[in-house]
Amino acid sequence: MKFIKSKSWLALSLLSLAGTASAAETAVPEISVLLNTFFFLFCGVLVMFMAAGFTMLEAGMVRSKSVAIILTKNISLYSVAGIMFYLVGYELMYGDVVSGFIGNFSIWSADDTGLLAKTSSDAYAASSDWFFQMVFVATAASVVSGALAERSRFWPFLIFTVVLTGVMYPIVGHWTWGGGWLTQLGFSDFAGSTIVHSVGGWAALVGIVLLGARKGRFDENGNAITIPPSSLPHVTLGTFVLWMGWCGFNGGSQLAFSSLNDAVSVSNIFVNTNAAAAGGVVATLFASQLLYGRLDLPLVLNGALAGLVSITAEPSIPSVGMAMVIGGVGGLIMMTATSLLERLRLDDVVGAVPVHLAAGIWGTLAVALVNPEVTFVAQLTGVVAVGIFTCTFSAIVWYLLKVLRGIRLHQDHEELGADLSEVGLRAYNID
Amino acid sequence: MKFIKSKSWLALSLLSLAGTASAAETAVPEISVLLNTFFFLFCGVLVMFMAAGFTMLEAGMVRSKSVAIILTKNISLYSVAGIMFYLVGYELMYGDVVSGFIGNFSIWSADDTGLLAKTSSDAYAASSDWFFQMVFVATAASVVSGALAERSRFWPFLIFTVVLTGVMYPIVGHWTWGGGWLTQLGFSDFAGSTIVHSVGGWAALVGIVLLGARKGRFDENGNAITIPPSSLPHVTLGTFVLWMGWCGFNGGSQLAFSSLNDAVSVSNIFVNTNAAAAGGVVATLFASQLLYGRLDLPLVLNGALAGLVSITAEPSIPSVGMAMVIGGVGGLIMMTATSLLERLRLDDVVGAVPVHLAAGIWGTLAVALVNPEVTFVAQLTGVVAVGIFTCTFSAIVWYLLKVLRGIRLHQDHEELGADLSEVGLRAYNID
Amino acid sequence: MKFIKSKSWLALSLLSLAGTASAAETAVPEISVLLNTFFFLFCGVLVMFMAAGFTMLEAGMVRSKSVAIILTKNISLYSVAGIMFYLVGYELMYGDVVSGFIGNFSIWSADDTGLLAKTSSDAYAASSDWFFQMVFVATAASVVSGALAERSRFWPFLIFTVVLTGVMYPIVGHWTWGGGWLTQLGFSDFAGSTIVHSVGGWAALVGIVLLGARKGRFDENGNAITIPPSSLPHVTLGTFVLWMGWCGFNGGSQLAFSSLNDAVSVSNIFVNTNAAAAGGVVATLFASQLLYGRLDLPLVLNGALAGLVSITAEPSIPSVGMAMVIGGVGGLIMMTATSLLERLRLDDVVGAVPVHLAAGIWGTLAVALVNPEVTFVAQLTGVVAVGIFTCTFSAIVWYLLKVLRGIRLHQDHEELGADLSEVGLRAYNID
């Protein structure tokens with residue numbers, strides 16, 4: 001998903017705008033535009049639906065007293081992401097390059113022709129690209145909400161989302177997909193193991209450190225106490241939705257579907273994306289049985305997601321077998337990180353940090369294993385730079401919110417559950 | 001989605017039917033057919049899945065004693081809609097024009113070539129169009145079921161659905177998308193704020209007036225009593241599914257994907273549809289917090305849907321910012337209509353009338369604000385004419401059903417819940 | 001979905017691999033590849049999501065003490081199917097023909113060009129085909145898990161899945177879609193009523209015979225006792241997801257979208273697939289009301305699925321009305337088979353055998369009614385041959401697993417529920 005948006009459009013006015021063209025010379029570029037645009041819309045819809053996947057996953061993982069509020073957070077953050085990316089984010093990410101670090105501050109709008117061109121033969125409707133980019137930023141924001149569930153306050157979280165989707169993610173995006181300094185350095189992150197998932201993961205990590213654990217998550221000696229999820233079917237449904245959506249997430253990051261090369265690459269991406277998730281499932285399934293003597297379903301579901309995050313930085317080049325290995329290792333790294341968080345007494349309700357940050361780092365570094373043109377140093381530089389930036393920025397925002405408004409629920413409300421204290425309804429009323 | 005079906009097909013037999021053509025002159029129209037057809041199928045599948053969205057939304061909004069019956073209603077109405085639109089509806093809507101008010105009564109079948117042509121360069125497979133049109137009529141029927149939930153009887157409701165999908169919706173459709181008198185008057189409703197959503201909304205309104213409120217919905221003084229929804233995760237999932245499906249609903253109403261103009265227009269539609277829903281969410285979120293001091297999740301979800309209904313009449317022309325405003329205003333109108341219904345002691349279980357009728361009227365009138373070629377008078381005429389027709393027709397059908405069979409559950413069955421009295425199973429059996 | 005994979009690729013190197021071609025002669029085949037590939041990916045994603053549909057359906061049908069384990073089984077079997085079809089299955093199914101009975105044993109990999117060609121004008125990306133074929137094998141495996149729910153052990157089931165997806169299904173597939181002896185005999189099964197659904201159904205039937213019924217499913221006199229499903233909304237959601245996915249399942253089995261004939265055929269398939277499901281719903285709805293005096297929702301949902309299975313062997317040729325009849329009859333056959341299983345004291349938790357096997361046989365035989373080129377004898381031969389092979393093979397595998405490891409849960413664990421005994425978590429924790 002790396003390209004520099006060119007402001008000098010194709011001379012597309014030469015093409016017939018109505019119906020079909022009669023001469024092959026003009027018809028072929030027109031068909032490219034149609035296929036590229038259709039493909040963006042198809043993949044964009046799949047990624048859009050990932051918002052539902054995150055929502056169901058998070059709603060299933062929290063206790064039943066905190067379900068309505070997490071539903072409210074998810075539909076709100078998706079809406080806010082779309083608004084902020086329109087008002088600020090897109091141009092900040094893809095606008096004219098200012099020394100490779102930041103774009104411009106302006107509201108997005110399509111050109112008069114409504115078309116956007118990467119190269120003279122490879123254009124698409126500008127709005128289809130915007131739609132696809134917008135659902136990506138929503139994904140980054142979705143990562144955060146689950147980690148902080150059950151004890152963060154609604155409006156401070158939403159303000160954090162405003163900053164994340166309007167400024168923080170777009171700046172990282174500008175460094176990379178916007179053609180900025182990390183791209184110039186040779187950093188490669190095809191669909192966003194770092195740019196999307198680690199950004200969300202770092203922001204979540206800083207949040208859970210500042211927020212503290214839910215009451216009852218650790219006993220007096222600091223031992224973790226399992227808090228049973230309210231609905232495992234919803235967690236599983238959410239995982240399957242994310243798995244499906246990831247085909248669009250990684251596949252659409254090819255950014256074109258107008259050449260044989262595109263067709264082959266995108267198809268390989270679909271297969272590898274699926275293979276990495278399958279690898280993550282099987283690795284965590286065996287590990288869970290061997291280490292814990294049981295089939296830890298939430299861990300296995302996170303194994304699928306960790307596999308998906310791991311392959312996101314380079315889903316096109318690996319063989320299918322290699323994709324399974326990358327996903328499997330990602331699953332095991334996620335398990336390790338889950339244990340580590342517990343030992344550090346950090347409370348990540350859905351495992352967002354192990355899945356999106358730990359596996360995201362692994363996936364980003366693993367690019368150097370499969371793509372000879374990419375160096376480990378460049379990848380590590382990207383991981384570290386994005387980590388430092390996102391942590392610092394997040395810490396400042398979370399800290400300001402904490403001082404100015406408070407970011408944690410009043411302890412009575414936490415005990416009662418935010419569903420009753422903030423939404424005024426219980427999520428389930430089953431007689 | 002406005003076009004007049006031409007019975008004089010293209011001389012498509014000139015085109016090679018097997019594989020690909022060798023000369024560019026014939027290849028290009030063939031590719032148009034392929035892209036138009038593929039696009040119809042893609043959007044049709046998205047709209048088809050809206051049936052699942054309505055189902056989950058309604059199942060989550062009712063009490064747990066009325067869940068199985070609403071599930072049964074929804075899968076049945078979707079099936080009946082498909083059968084009736086095949087047997088009667090499609091030809092009544094798009095068949096040969098009889099003075100602009102009604103089509104012909106015959107069973108639908110594709111032509112020998114299986115192709116349908118709007119213009120000589122813009123054809124598609126006839127069945128792909130039928131599929132897309134059919135899922136629209138199912139949407140109109142879905143609107144009704146939720147409003148009448150928990151106290152309407154199953155079979156009378158299904159008979160009403162037969163009439164709605166076989167006759168009532170197709171007649172309104174003939175006046176408009178079939179090229180009838182409203183279209184000739186200048187009425188414009190791109191994807192059906194009035195034609196689909198208000199038709200469902202009016203039919204629902206007449207139904208809830210004739211049925212009366214659920215027992216316990218209003219106290220002796222007529223004050224509304226909140227009946228808590230059985231499952232907010234299902235309501236939220238349903239809303240996200242509808243949101244996704246709406247991309248196909250509005251985008252597919254472009255009815256073609258074979259020119260640069262189509263690609264740009266459809267992409268703008270996807271972006272604006274999303275923007276209107278986001279506007280609806282944010283507007284109702286703020287309003288709910290300010291007016292009621294809480295985050296009223298069902299209202300916020302209906303805010304998303306009201307935003308979607310509002311933009312449906314014209315999703316292509318507005319700027320993204322304008323789409324957000326149209327959606328936001330739609331959300332506030334929905335809130336107002338919700339309060340109004342309560343004051344009138346009308347019991348709309350899912351808020352179908354505020355969402356689909358109130359926001360549908362607003363969206364239809366708003367076309368005159370953004371499209372200089374459309375007059376407010378033409379839009380108002382369409383709203384009023386469709387309203388009078390649908391209300392009258394619905395009232396007659398509901399009244400006949402009431403007299404002949406009864407439309408309301410026996411009060412013992414209502415108290416027990418139709419799940420036990422009609423389905424013989426409880427929807428949830430969770431130990 | 002019948003074709004013989006040719007190892008002699010097209011001389012596709014003649015085509016420009018980058019961007020678009022300048023001469024119409026090369027451009028046209030390139031566009032065919034793009035459309036075929038895009039269509040495979042679109043349909044493949046729909047079928048992939050059927051895994052979520054099966055999961056929700058099964059999770060809703062079992063008791064709440066067996067939900068987490070069925071979720072674990074489903075995500076695991078989908079993962080295993082993908083791995084096994086890569087390691088063994090695909091080449092065994094589509095590899096070089098060894099006397100029409102079996103392919104070769106090797107790991108799948110795409111050719112250097114990444115393209116696969118059926119004919120010189122009809123190629124597509126090899127991975128897109130692999131992806132589409134893989135989600136089919138996962139479907140066959142999904143059929144089995146539901147039937148055996150609540151008393152089968154996890155790891156033996158997973159080993160059975162390894163064999164089913166790696167060997168059993170691919171051998172049947174080789175006989176048919178791989179160009180083997182059944183195809184040479186004139187057997188026709190467009191999208192897999194027999195090849196996918198009956199294979200899963202036979203394997204499930206053998207499994208439930210060997211496993212025995214759940215405790216409490218039949219009383220001392222052998223009368224069936226209804227075990228209420230844990231969540232009918234989840235069963236309904238699963239059914240809708242399968243319904244949607246089936247459009248891709250049947251439509252994608254056209255295996256191309258590059259000619260007018262493809263566009264017309266695929267569109268007819270979408271319409272007929274929907275019509276058959278609608279027919280199944282309406283037939284079982286009436287039959288349930290007339291025979292049992294109630295609206296038996298699980299039966300109606302299985303009516304939809306039986307309709308879908310019935311039309312799968314030939315979704316392209318029948319008229320829409322005929323498709324409704326085929327689906328409706330399929331629904332009634334499913335009802336009959338459901339009663340029969342109960343009388344035989346066989347416990348099929350989700351009705352997989354009535355839906356996938358009984359309706360699958362009907363659908364396969366019904367091809368002879370609508371396609372004059374297909375004989376009843378050829379169809380019956382296929383049904384019987386696949387039945388004998390799958391039953392024998394399944395019986396051997398299940399029997400070995402029973403002897404070596406045991407396939408049934410310890411009775412204490414069955415009583416407690418596998419969620420606590422194998423997963424260590426309850427699926428629902430709703431206060």
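B:S310 lies in helix 9 of chain B, in a model that is predicted. With 36 other C-beta atoms within 10 Å, B:S310 is buried, because a residue counts as buried if 20 or more other C-beta atoms lie within 10 Å of its own. Leaving aside its neighbours within four places in sequence, B:S310 is in contact with B:S193, B:A276, B:I326, B:G327, B:G330, B:A359, B:W362, B:G363 and B:A366. The residue B:T161, by comparison, is 149 residues away from B:S310 along the chain, and the C-alpha atoms of the two are separated by 24 Å.

C:M335 lies in helix 10 of chain C. Is C:M335 buried or exposed? It has 24 C-beta neighbours inside 10 Å, and C:M335 therefore counts as buried. When residues up to four places away in sequence are not counted, C:M335 touches C:T284, C:A287 and C:L299. Between the C-alpha atoms of C:M335 and C:K65, which stand 270 residues apart along the chain, the separation is 27 Å.

| Helix pair | Axes come within | Crossing angle |
|---|---|---|
| helix 4 (residues 154–175) and helix 6 (residues 193–211) of chain A | 10 Å | roughly 130 degrees |
| helix 6 and helix 12 (residues 376–404) of chain A | 8 Å | roughly 40 degrees |

Because of its crossing angle of roughly 130 degrees, helix 4 of chain A is oblique to helix 6 of chain A. The crossing in which helix 4 of chain A passes helix 6 of chain A is right-handed. On the side of helix 4 of chain A, the contact is made by A:L164, A:Y169, A:V172 and A:G173, and on the side of helix 6 of chain A by A:I195, A:V199 and A:A203. Sorted by class, this contact of helix 4 of chain A with helix 6 of chain A has six nonpolar residues, one polar residue and no charged residues.

For the other pair, the angle of roughly 40 degrees makes helix 6 of chain A oblique to helix 12 of chain A. The crossing of helix 6 of chain A and helix 12 of chain A is right-handed. Helix 6 of chain A brings A:T194, A:S198, A:V199, A:W202, A:A203, A:V206, A:G207 and A:L210 to the contact, and the residues from helix 12 of chain A include A:G382, A:V386, A:T390, A:S394, A:W398 and A:K402. By class, the contact of helix 6 of chain A with helix 12 of chain A has eleven nonpolar, seven polar and one charged residues.

**How the chains are arranged**

The copies use different surfaces, since 9% of the contact residues of chain B recur in chain A. Chain C can likewise be laid on chain B with an RMSD of 0.0 Å, by a turn of 120 degrees and a shift of 0.0 Å along the axis. Why do the copies, chain C and chain B, meet through different surfaces? Only 9% of the interface residues of chain C are also interface residues in chain B, so the copies meet through different surfaces.

**Where the chains touch**

The contact between chain B and chain A takes 54 residues from chain B and 55 residues from chain A. Helix 1 (24–61), helix 7 (232–251), helix 8 (260–292), helix 9 (297–312) and helix 10 (320–343) of chain B each give two or more residues to the side of chain B that touches chain A. The largest share of this side, 15 residues, comes from helix 8 of chain B. The residues of the side of chain B that touches chain A divide into 38 nonpolar, 13 polar and three charged.

The contact between chain C and chain B takes 54 residues from chain C and 55 residues from chain B. At least two residues of the side of chain C that touches chain B come from each of helix 1 (24–61), helix 7 (232–252), helix 8 (260–292), helix 9 (297–311) and helix 10 (320–343) of chain C. Helix 8 of chain C gives the most to this side, with 15 residues. Among the residues of the side of chain C that touches chain B, 38 are nonpolar, 13 are polar and three are charged.

Key:
Residues are numbered from 1 along each chain as its sequence is written. Chains are lettered from A and ligands numbered from 1 in the order in which they are written. This is a predicted model: local features need pLDDT of at least 70, side-chain atom pairs count only at pLDDT 80 or more; totals for chains, interfaces and linings use all residues. Two residues are in contact if their C-beta atoms, placed from the backbone, lie within 7 Å. Helices (H or I, at least four residues) and strands (E, at least two) are DSSP runs, numbered from the N terminus. Ala, Val, Leu, Ile, Met, Phe, Trp, Tyr, Cys and Pro count as nonpolar, Asp, Glu, Lys and Arg as charged, and the others, Gly among them, as polar. Axes are lines fitted to C-alpha atoms, for helices over the stretch in contact, and angles run from 0 to 180 degrees between N-to-C directions. Angles under 35 degrees count as roughly parallel, over 145 as roughly antiparallel, 65 to 115 as roughly perpendicular and the rest as oblique. A crossing is left-handed if the near helix is turned anticlockwise from the far one by less than a right angle, and right-handed if clockwise. Copies are superposed by least squares on the C-alpha atoms of residues with pLDDT of at least 70 in both. A residue is buried if 20 or more other C-beta atoms lie within 10 Å of its own, exposed if 12 or fewer, and partly exposed in between; C-beta atoms are placed from the backbone.
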